[in-house]
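Dear colleague,

I am handing over the structure below, together with my notes on what was found in it. Please read the notes with the structure open beside them.

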Amino acid sequence: MFNEKTIEKDKIVLEELHKQTCETDESKLEATTAGGIALKPIYTPSDIDSMEYEDISAPGQYPYTRGNEALHYQRQPWVMRHGHGYGTTEDTRKREEFFEAIGGAYHVGETAEDKPFAFTLALDLPSQCGYDPDAPEALGRVGECGVSISNMWDLKELFEGKKIENTEVIFITPDASLSFIAQYVAYAETRGIPAEKLRLKSCNIFYHQWFWDTATFPPQYAVREGPELIKFLRENIPMAELQSITGYNPGEAGATPVMEVAFMLATAIGVVEECMKVGMKPDDILPRFYAHDHLSMDLFETVAKFRAKRRMWARIFKERFGCRNPASLTLRNYPQTAGALLPAQEPENNIIRATLMTLAGVLAGVDGIWTASYDEALNVPSEKAVKLALRTHQILYHETGIPAVTDPLGGSYYVESLTNRIEEEAQALLEEVDRRGGYVKCWEDGWFRRQLADEARKTQEAIDNGRKVVVGVNKYAVEKEVPDAMFRVDPESEKKAIKRVKAFRVQRDTASLKKALGEVREAAMAIRDDWPGSCGCLMPALIDAFRAQATIGETHGILKEVWGYGYTR
Amino acid sequence: MATQDKRIRVLLAKSDQDAHDRGVRYLADVLQSAGMEVIFIRYRICDEVVKVALQEDVSIVGMSFYGSGYLHDVSAVIQAFKKNNKETGFIVGGTIPKGDWGKLKEMGVRGIFVPGSLTEDVVTCITSYCN
Amino acid sequence: MKPECGVKPMKLVRKMLAGDVNALSRLITMVEDELIDVAEVMQEIHSRLGHSYCIGITGPPGVGKSTLVEKLTSIIRAEGFNIGIILVDPTSPVSGGALLGDRIRLQSHYLDDEVFMRSMASRGKLGGLSKKVKSVAKIMDAFGKDFILLETVGTGQVETDIVSIADTNILVLMPHAGDIMQAMKAGIIELADVFVINKADLGKSGHLMADIESIVSDRKREDNWMPPVVETQAVNNIGIEAIFKEIERHRRFLKNENLLLQSRLGRATDEFRELVKDEMSTRITKLLHENEIFRKYLGKVETGELDPYSAFREILNLMPKF
C-alpha cells in the first residue's frame with residue numbers, strides 16, 4: 001500500500017515508540033476491544049501496508065468497505081427508526097403523533113409533511129407471539145412493552161386518516177410476520193389501497209430461537225416462513241423490504257462483533273439457499289434484504305464491524321453466489337443501540353451512552369438507526385426520553401458536520417487494521433459454521449446458543465468482578481437504589497383490548513370465516529407436507545382469512561397446531 | 001438418619017413469550033456452582049410453573065420477567081401454592097419497576113433482583129431461607 | 001422456615017397410595033434426601049408393585065433423548081396409559097450442584113395430570129444413585145403408573161447400574177458421532193434391547209446401522225432376543241411409533257418366554273444381595289471406627305506394629321463374637 005521509503009521511516013519511528021512503551025507498565029497497554037480483540041496502543045502505516053488499494057477502495061466501489069454509495073448522507077440522511085408501541089393502538093397512535101409533533105420524520109433533517117413516515121411498531125409479547133389479548137397466555141402482558149394488535153379494528157385505529165402509501169410499516173414480531181402483513185394487506189384493501197402501493201419492512205426473523213429464546217416452530221418448518229413471505233412480497237409489494245437479517249438480537253444475547261458478523265452472514269446464506277430451493281434467484285431477492293445490527297459502546301470496534309461486514313457480504317454474494325446486480329452486493333444496515341448496555345442505575349447516563357452508540361453508527365455510514373430511550377431499563381419510553389432520542393439524531397446531523405464527508409474514518413491505520421482483524425476472525429467462524437453443516441444445523445444443535453451463552457457469562461463475570469467497568473453500576477455508584485419507572489402504561493389498556501377483540505369477533509360472518517380458516521389450515525399442512533412445491537400457498541390463504549375478519553391469534557394458532565410450537569433446545 | 005445428601009432444589013421459570021434470558025441462565029449457572037439443583041423451565045401459562053414446582057418438590061421458585069406479566073403471574077402462582085399447602089421461598093428477577101416491589105412483597109415475594117443486582121445476593125437470599 | 005419431615009413417613013406413603021400427587025412428590029424427596037427408612041416404605045408398598053412397565057432410554061449427550069421421551073410420551077398417552085418419567089442428570093463433582101435441564105423439552109406434557117415428571121441428580125454417589133432411582137421407580141409403580149420412562153445421560157458406568165432397572169432398554173445413538181465405540185467400552189451395548197439412530201437423515205445412517213448389526217449378531221444374547229434398529233428424526237416425529245411397536249414386541253417376547261417375571265425376580269434377588277451387602281458393609285465400617293478391639297488393631301497397622309494381613313487374620317478369628 002505504501003512505498004518503501006514510507007515504510008522505512010515508519011519502522012524507525014516504531015522502534016522509538018517501542019522503546020517508549022517498554023518503559024510503561026505492561027498492564028496499562030494490555031487492551032482489547034469489548035469483543036476481545038487485542039489492541040496495540042498505536043497504529044501506523046505498517047499495520048496496513050500489506051493491503052491492496054482495492055481492499056479499501058472508495059465508497060460506492062466494490063467491495064464497499066467504505067460504504068455502499070459514494071455520496072451518502074450528503075444526498076440522503078439516515079432514517080430514524082425509533083420504535084414505538086404500548087397499550088392499545090390508540091395510545092400508540094398518540095405516541096407516533098407526539099413524535100411527529102416534536103420533529104420526528106423519516107429521514108433526519110426532514111420534516112414530516114408529505115414525505116414517507118416510519119411506523120416501527122413494537123408489539124406487546126402476546127401480539128408478537130400470536131396470542132389474542134383475551135387468551136390465557138396473554139393475561140397480565142397486554143399492552144406492556146409494546147402495542148396490542150390482534151384485529152382489523154386495531155389497524156383502523158392506528159392508521160385511519162393517515163396516508164399509508166407514505167408510511168413504511170414494520171411489525172416487530174419474530175415468527176408472526178406472515179399474519180401481520182396479511183392482515184395489513186387486507187386492511188389496506190378496505191381503504192381502497194392495493195398491495196403494490198404499500199411500503200413494508202418485513203421482520204420475519206423466524207430463525208430467532210437460537211438468540212431470542214421465545215417458543216417458536218421447529219426449525220424444519222420455521223425456515224419455510226422465509227421463502228413463503230419473500231416470494232409473496234416480491235410478487236405483490238414492490239416497495240417491501242423482503243427479509244431482516246438480524247445481528248442486534250444475537251448481540252443482546254451475548255454475541256461479540258465477530259460472532260455477530262459471522263452468524264449474520266451464515267443466516268443470510270442459509271435464507272438465500274432456502275429461497276433458491278423454491279426457484280428464486282439471489283439477484284432477485286438480495287437487493288431488498290436488510291440488516292438489523294447491534295450498536296455497542298466500543299466505538300471503533302463497532303465502526304470496523306460494519307465495514308468488515310459490508311466487505312464480506314459483497315465478496316460472498318459475488319464469489320459464492322455469482323451475483324451480478326450491485327444492489328445484491330450492497331447490504332443496507334438499520335442498527336439499533338444496545339439495550340443490554342443501558343442499565344437501570346443512574347439512567348441519565350444512558351443518554352450519553354445512546355449518543356455514543358448512535359455516533360458509531362453514523363461514523364460507520366449506516367442507513368438508519370434506532371436510538372433507544374434512556375429509560376429503557378425502567379419502562380416503556382417516556383415522552384421526555386423519546387424526545388431526547390430524537391434530538392440525538394438531529395444534533396448529530398445538524399451540529400457536528402459529520403454527514404458532510406463519506407466514511408470519515410476511512411484510511412485510519414487503526415480502523416482499517418481493526419476491520420481486517422474482524423474480517424479474519426469472522427471468516428474463520430463462518431467456516432466453522434459451514435463445517436458444522438450450516439446455520440440451521442448450528443441452530444438445531446444449540447451450538448449458536450452455547451457460543452452466545454459463553455460470551456454472555458464471561459461478560460457478566462467481568463462486570464461482577466469489576467474488570468469491566470459500567471459507570472454508576474459497579475464503579476462510582478452513588479446509590480444502590482434504582483429509580484422507579486418514569487412512565488406507566490395505563491392498566492386499563494388490557495381491559496380495553498380484550499373488550500375490543502371480543503366485540504370484533506361477535507360481528508363477523510362465522511360461515512365465511514370458518515371456511516377461510518379451514519383454508520389456512522390446509523395451506524399450513526401443504527407447507528408442512530409438500531414443500532417446496534407448496535411454497536406460495538399460505539400468504540393468499542392468510543389474506544383471505546383476514547378479509548373474512550380473522551384475528552392474529554386465530555391464524556397464528558393454526559400454524560402452531562399444524563407445525564408444532566415450543567423449544568428444540 | 002443421614003442427611004448429608006440434602007440439596008436445595010430451585011425452580012427457575014420464565015414465560016415462553018419472554019426473550020432476554022441471559023440473566024436467568026447465568027443465575028442458573030451460579031446457583032449450580034453454589035451446590036444447588038436447578039431446574040429451568042419456560043412456561044406458556046402459570047399453571048405449568050405450579051405443576052412443575054409441585055412435582056419436583058422445590059424449596060425455591062424464581063420467576064424472571066422482562067417488563068410484563070409479573071403482577072399477574074406471581075400472584076397466580078403464589079395463590080396456587082397456598083391452595084396446595086406448598087411452602088416455598090419465592091424470588092423474582094428482571095426489569096421490575098420499583099413502584100411495584102411493595103405489591104410483590106405483599107404477595108409473599110422474598111427477594112426482587114433487577115439488572116445490576118449481584119448474583120451472590122440471590123444465593124444469600126436462598127440459603128438464608130432454607131436454613 | 002421449611003418443614004423437614006412435616007408428615008409422619010408412613011402417613012405420607014398411605015396418602016401416596018391413595019393417589020395424592022403431592023404426597024408422591026414429597027415421598028420422592030424424602031428418599032433422595034435419605035430422610036426416610038426406605039426398607040419400611042418398600043415393605044408398605046410391596047403388594048402394589050408389578051403393574052408398571054419400565055423403559056430405559058440412554059445415550060450420549062446431544063443425541064436427542066429428551067425429544068424422544070417427549071414424543072414417546074405423546075404416543076403412550078394416546079394409547080390411554082399414564083406415565084411416570086424420571087430424568088437423571090449428573091451432579092457436578094466440583095460444586096455438588098446440578099442443572100437439571102431435560103425438562104424443558106417436555107413442556108407439552110406439563111399440564112397433563114396423567115404424566116408425572118421428576119428430575120434427579122446423581123448427587124455424586126454413583127452406586128447410591130441407582131438404589132434411589134430404583135426406589136423412586138417402585139414408588140411410581142405403587143402409585144399406579146402404567147409406564148415409567150427412565151432417561152439417563154450415557155456416560156458409562158452409571159448407566160450400566162441404572163439400565164438394569166428397566167424392562168426394555170433403548171440405546172439412542174446418532175450418525176457421525178463415533179458413539180458406538182464408547183458405548184461398547186461401557187458394556188451398554190449388551191444391555192440394549194432396542195437401538196435407535198436419531199437425527200437419521202434417512203439413508204446416511206448406513207454405516208452406523210451396519211456397525212450395530214454386526215455387533216448384535218456377534219454377541220449372542222442368552223435370551224435370544226435380536227435387538228432391532230429403528231431410525232428416527234425425533235424432532236420431526238418420524239420413527240417414534242416404530243419405537244413403541246418394538247417396545248411392545250419386546251414386552252410380548254418377555255412375557256411369552258416367561259422372562260419378564262424371571263428378570264424381575266432376578267432383579268429382586270440382586271437387590272436383596274445388595275441390601276445385605278450394604279448393611280453389612282455399613283455395620284463393619286461402624287465397628288472399625290467405634291469398637292475398641294478393632295480400633296486397637298487399626299492402630300497397630302497404622303504405626304507399623306502389625307502388617308495388614310496379620311492384623312486381618314487375628315480379627316477374622318474374633319469375627320464370630322460379633
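Two residues are taken to be in contact if their C-beta atoms, placed from the backbone, lie within 7 Å. This is a predicted model, in which local features need pLDDT of at least 70 and side-chain atom pairs count only at pLDDT 80 or more, while totals for chains, interfaces and linings use all residues. Residues are numbered from 1 along each chain as its sequence is written, and chains are lettered from A and ligands numbered from 1 in the order in which they are written.

I begin with chain C. Of its contacts with a separation of 6 or more, 73% are between residues 24 or more positions apart. Its secondary structure comes to 13 helices and eight strands, where helices (H or I, at least four residues) and strands (E, at least two) are DSSP runs numbered from the N terminus. Of the 322 residues in chain C, 40% are buried, that is, with 20 or more other C-beta atoms, placed from the backbone, within 10 Å of their own.

Next comes the contact between chains B and C, which takes 31 residues from chain B and 30 residues from chain C. On the chain B side, helix H1 (22-33), strand S2 (37-43) and helix H2 (46-56) each supply at least two residues, and H2(B) gives the most, with seven residues. By class, that side has 13 nonpolar, seven polar and eleven charged residues, counting Ala, Val, Leu, Ile, Met, Phe, Trp, Tyr, Cys and Pro as nonpolar, Asp, Glu, Lys and Arg as charged, and the others, Gly among them, as polar. S2(B) also pairs with strand S3 (residues 98-100) of chain C, in the parallel sense and over three bridges, pairing being assigned if DSSP finds at least two bridges between two strands. Within this pairing, Glu37(B) has Ala98(C) as its bridge partner.

Between chains C and A, six residues of chain C are in contact with five residues of chain A. The chain C side of that contact has two nonpolar, three polar and one charged residues.

Finally, within chain A, residues Ser179(A), Phe180(A) and Gln183(A) of H7(A) meet Ile552(A), Thr555(A) and His556(A) of H23(A). The residues of this helix contact divide into two nonpolar, four polar and no charged.

With regards

Notes:
Buried ≥ 20, exposed ≤ 12 C-beta atoms within 10 Å, placed from the backbone.
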